[in-house]
Every structure is written in structure tokens, then in C-alpha cells.
Amino acid sequence: MRTSIATVSLSGSLTEKLTAASRAGFDGVEIFENDLLAAPLTPEEIRARCADLGLRVDLYQPMRDIEAVPAEEFARNLRRARHKFELMRRLGADTVLVCSSVSPLAADDDALAAEHLARLAGLAEEFGIRVAYEALAWGRHVDTYDHAWRIVEAAGHPALGTCLDSFHILSRGSDPKGIEDIPGEKIFFLQLADAPLPAMDVLQWSRHHRCFPGQGGFDVAGLVRHVLRTGYTGPLSLEVFNDVFRQAEAGPTAVDARRSLLVLQEAVGTADLPAPVVPTGIAFAELVTHDTEPVSALLGALGFARTARHRTKPVDLWQQGEARVLVNTGPAVPRGATGLAAVGLRSPRPSAAARRAEALLAPVLPRRRAPEDAPLDAVAAPDGTELFFCPEPARPAPGEQPGGPAEPPRPDWRADFEPVAHGPAATAVRRIDHLALTQPWHHFDEAALFHRGVLGLHAQESVDVADPYGLLRSRAVTNSDGSVRIALAVGAAPGDDTGRAQHIALATDDVIAAARRFRAAGGRLLPVPANYYDDLAARHDLTEEELRTYRELGILYDRDPHGVFRHCYTRTVGRVFFELVQRDGGYRGYGAVNAPVRLAAQHAVRAVTGG
Ligand SMILES: O=C(O)c1ccc(O)c(O)c1
Ligand SMILES: [Mg+2]
């Protein structure tokens, strides 16, 4: 199906918006009147620009407060419409959107509305233009799609049809099944947007919080299935009013938008993408740093041993149990900028995983970072983190891996590393429990959609966590057995520093022993205020002994219906810190209740040490 995007969904000048839509592979655009009014280009120049970019002008919009108004007002509206139709002819647009009236002058009179819309359509027809009537969720008298359709049907004019907008339909809680009663050729346009639940005032909700399908809580794919059953052949067009997208760079937003539509089209069966290959574990996490000493000291105190060095590059492999951390001192990172740059994901079919990522517009990275390296498929996540698909011997994971051809065996990435003499690693840490990756503030929804759509991970509900100087949002994406857990986080605003920290959480069977071991080896744990433990004593039935131990080590505690979670934190180096976590009895969360205390403690340490 053809795809389209409303210029209101992207930031920048009209030219920037058109360029971004074209580069991301859209077939057409809805041009918003304000974008045209503000553009220095003539309508003919805009038309030519669209043609050069391979974009059709699918819709011009909006016209407002047209129907069911007093006669003299309607006469003025027709004069205004004639102007717009002339403009549309110059622009090469053949469909205009008319929103249901919000004017206090409008009468609650369907017959009058139908008569006015038929007369408008009659005028439009002279210009070869079609009128698509859309019910705004806050329309004065017409606020549901079925009401708008009844009026269009009553008007009975061939140049008049309806425009369906998933936001207005789903925000009102209307049943989209009724869409199937509309003949497909009378659906002149389809606008798609998702939005977070729960509802707020519907106008504010629509104008500021729409998002691309798959990023909110609506069943947009379900709605599209109903529309497709009508025989609708027009484009799937994204119309997303969103404060963040208005500020973010248009290029990446347009790519995010296209990816959202591709995932939606796959769900409704109109796009054929390579099936997801869900990762089965975390092979490694890679830090880049120039502060080798503090990083080595931290890893050493945590019980990791430096077991191997890359044959040709300044990259060390540190290992303990199944937890592997690469420390890369190669790239030109500024001092103090220690960060998590790459993640190795174990994949039963790495090439297929990379093909899906590529089909979903993820930048594919060169397979070899150097000629002598083992070839590894890798793509970049929206935040720039490099994701490597590391081959693993195929093992059946029922229900998770859609069957696909086995791929020829590949050398293990570890073959690039030469063992070095080392003492024994500790046995406290078993594996990486989760990674917390902070996203640039305007890419949070995109990141969740990326991990879900590209990697086939499940996205959990997002949680808001209070920080002393802002708010942190966090959303976990996981595979079904929890062997891959990534917590995506974002600060509330651009430049929010707490939102920039990243961490590696290490799974242990005994967090108390692991914390003691770390301290005995010279490591410093994040101190937690006494008030926290007074509160913990009040909330949970813990022994004095337990509480004393937690207090001494800075161990935080949580419980869910499945089990118990105990965790503590190291100090931060650059942007990165480590967490030691013990999950008992199938606890599923990440200790979000404790995050405000942890964030405050990190602020306090930073205020004292400056780092
Ligand atoms: O918020 C609005 O006014 C508005 C305008 C045009 C649309 O297509 C729409 O869905 C909303
Ligand atoms: Mg709309």
C-alpha cells in the first residue's frame, strides 16, 4: 500500500519536512495549511519540489467550521473554499480535508450539514477535487466517525467522502468494527496515529500526545484491518501531533515513522518482512573509555578477570561466569566519557536478524571492523548503540523462534581474542541481568518501537521515576525467558544529566556476599540514606539482622507477587555504573520503587566528588 505522512508530524521548514519524508521512503504527504503559509515557495514550486522528491500531495488540510452554519456564514465559507480549491489546483492536491465544525454558530442539524457539504463538494468537483469529511473527537455536534459517515451518506455527492482518523475513533472508545459498513470507495482518506493511555482532555491529548502506531496504547492495526475489509485503496497516512516530534530533527523522525508503518503493515498482512529473530542472551557489553584505570579497578573489584585481548585492537575481554565486558580504549572518546557503546546479542540466526533490522531501516554496520575480524552482523540502534548479532549454536526455543533456515556456522567472536595470563575470576557474578541504556530525550518512543519491532522483544509498561531534579521515564524490553533484558530510560528534558547515565546490572545468587567481596577488594558501593531503611522496616517484615546488613552495604529491597529483589550499586565512572542484583522466586521488575532513592544518592555523591 502507498504510505503518506502529514507535514505536521515532522519538525522544521516545509522543505526539511518534505526532504525527510522522501528520504525515509514515504510515497506522499498531507500538506498542512500552516506549513504552506509559512513556506517561502509558491504552490507551483512546492508541487515541483514534491515531484522531484517522488512525493504525491495526497491531502491538503484542514478546512474548518464549514457546515451547518447560518446562511450568510456559509456563503462566506464557499468563497473561502473557492480560494483554497484554486490554491490546491496549483499545488497538485486533489483531496481536501474538512474537520467537523467546532464553531458555536454551528447548528445541531444533520440535514443542514449534509446540504452544506454537498454544495461544497459540488464546487470542489468543478476543480477536480474531492472533499473528505472527518469527525474531530471534540467536534461541536459531530464527534464520532459513524455520525460523520451518516451525514456523508445523506449528502449523497460523489465528490464527498469521509476521512477516518484512528485517533478520533479510538480516543472516543468507538467500536472500529462499524467501519466495515462504509463502502471502501467512500473512505477518501485514512489517518493513523497512536496515543498513550490513559486519556486526558481529548483536545490536549490529540494536539500534544499523539505518537506513531505501535508507540502508544491504541489497537491501530485492528482498526486498519477493518478499513482494509471495506476495499479502501488509499494511502496509510500518519498524522501525528506531538510536541517532541515538533522539536526533534525531521530526518530521524521520518525514519521512525516509516518503521512504525512497516511494523503495522506486517501486522495487517500487507508487508512481507523477514521474521523477527529474537535474541537468546547477552553475549557481551562493550565499554569505550580512556579512563582504563578506574574501569579496570571497578571490574577487578567486582571479581572479573581480564582473560583475553583482541588480536589487533586495544580491546580487553573481562569475564566472570557468563558475564562478559569488553573494554575498548581505541575510539576517540573524550576523557571522562566512559560509556556503553555496543551490545553483543546472542542470536540463533544472525544474518536473518540483520536482514530484518535492515528491512526496518536500521543502519547496517560493516560486518568486519577490521579485515582479520570474524564477520559479525551488526546494526545501530536509534541511540547509536551498536548491536552485534553473535552466532550461537541453534537450540530450539519453542514458541519464540519462527522456523527459518539454519545459517552456516560462523567463527565465534571470541576467536578474535587472544587469551592472556590471568588469575581466577570470582564466582559471585553469573551473567548480565540487564542493561540500562539511556536514550536521547526525543527518541524514547522510537527506541521502544525499535527494540520491539526489530528485535522481537516484548515492551513492558513505561514507569515514571522521580529524580531530585526531574523525572526519569523507563521502559523495559525483554525476551520471553528474561535472558535479554534492556531497560530504556530517558530524562525529562534535553540535557538532563541523570538521564544520561547507563548501567550494567550483574546477576548474582548472593548479593550480600557479592557486595562484601566487592568492598573487600577496594570497591565503593553507593551509600543509601538511613531513612530508606527506616521506611523499609515499616513496609516489610525483615529481621533486625537483615536490615543491619542492608544498611551496612547499601542494599535496596523490593518484592513483587513473584519474588524478592535485592540490589546495590557501584560508583559511576564517566556515564557508567554497575549494579549487583539478586532475583529470587521469579521477581520480574527492576526495583523501580527504589530508583528515586538511588538517583538522589547518585546526585549526592556527584555533588561531593564531582563525578
Ligand atoms: O487538531 C486539529 O484541529 C486537527 C486538524 C486536522 C486533523 O486531521 C485532525 O485530526 C485534527
Ligand atoms: Mg486527522
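**Notebook: strands, domains and a ligand shell**

I started with strand 9 and strand 13, which run antiparallel and are joined by seven bridges. I take two strands as paired where DSSP finds at least two bridges between them, and the helices (H or I, at least four residues) and strands (E, at least two) are DSSP runs numbered from the N terminus.

I noted that residues are numbered from 1 along each chain as its sequence is written, while chains are lettered from A and ligands numbered from 1 in the order in which they are written. This is a predicted model, in which local features need pLDDT of at least 70, side-chain atom pairs count only at pLDDT 80 or more, and totals for chains, interfaces and linings use all residues.

**Confidence**

I looked up pLDDT, the predictor's confidence in each residue from 0 to 100, and found that the protein averages 92, with 95% of the residues scoring at least 70. Over residues 396-401 the pLDDT stays under 50, and for this stretch the model has six contacts beyond four places in sequence; a contact here means that the C-beta atoms of two residues, placed from the backbone, lie within 7 Å. For the model I also wrote down an ipTM of 0.96 and a pTM of 0.88.

**Around strand 13**

Going back to the strands, I saw that isoleucine 282 has leucine 345 in strand 13 as its bridge partner. Strand 13 is also joined to strand 16 (residues 386-391), by six bridges and in the parallel sense, and there serine 347 stands opposite proline 391 of strand 16.

**Domains**

I then read the division of the protein into domain 1 (3-268), domain 2 (281-419) and domain 3 (429-609), whose bounds come from an automatic or database domain assignment. The centres of domain 2 and domain 3, taken over C-alpha atoms, are separated by 23 Å, and their contact takes 34 residues from domain 2 and 31 residues from domain 3. On the side of domain 2 that touches domain 3, the elements giving two or more residues include strand 9 (281-288), strand 13 (339-347) and helix 12 (292-302), and helix 12 gives the most, with six residues.

**The barrel**

I next followed a closed barrel of eight strands, which runs 1-2-3-4-5-6-7-8 with parallel pairing. Within the protein, strand 5 (residues 130-134) and strand 6 (residues 160-165) pair in the parallel sense over three bridges, and valine 131 has leucine 160 of strand 6 as its bridge partner.

**Ligand 1**

Which residues are around ligand 1? I listed Gln61, Pro62, Leu97, Cys99, Glu134, Leu136, Asp165, Gln191, Ser206, Arg207 and Glu239, where a residue counts as near if its C-beta atom, placed from the backbone, lies within 6 Å of the molecule. Strand 3 (56-63), strand 4 (95-99) and helix 8 (202-208) each supply at least two residues of this shell.

**Two backbone details**

Most residues other than glycine have a negative phi, and most peptide bonds are trans. The peptide bond from glutamine 61 to proline 62 is cis, with omega near -10°, and proline 62 lies in strand 3. Aspartate 65, a residue other than glycine, has a positive phi near 50°, and I placed aspartate 65 in the loop between strand 3 and helix 4 (71-91).
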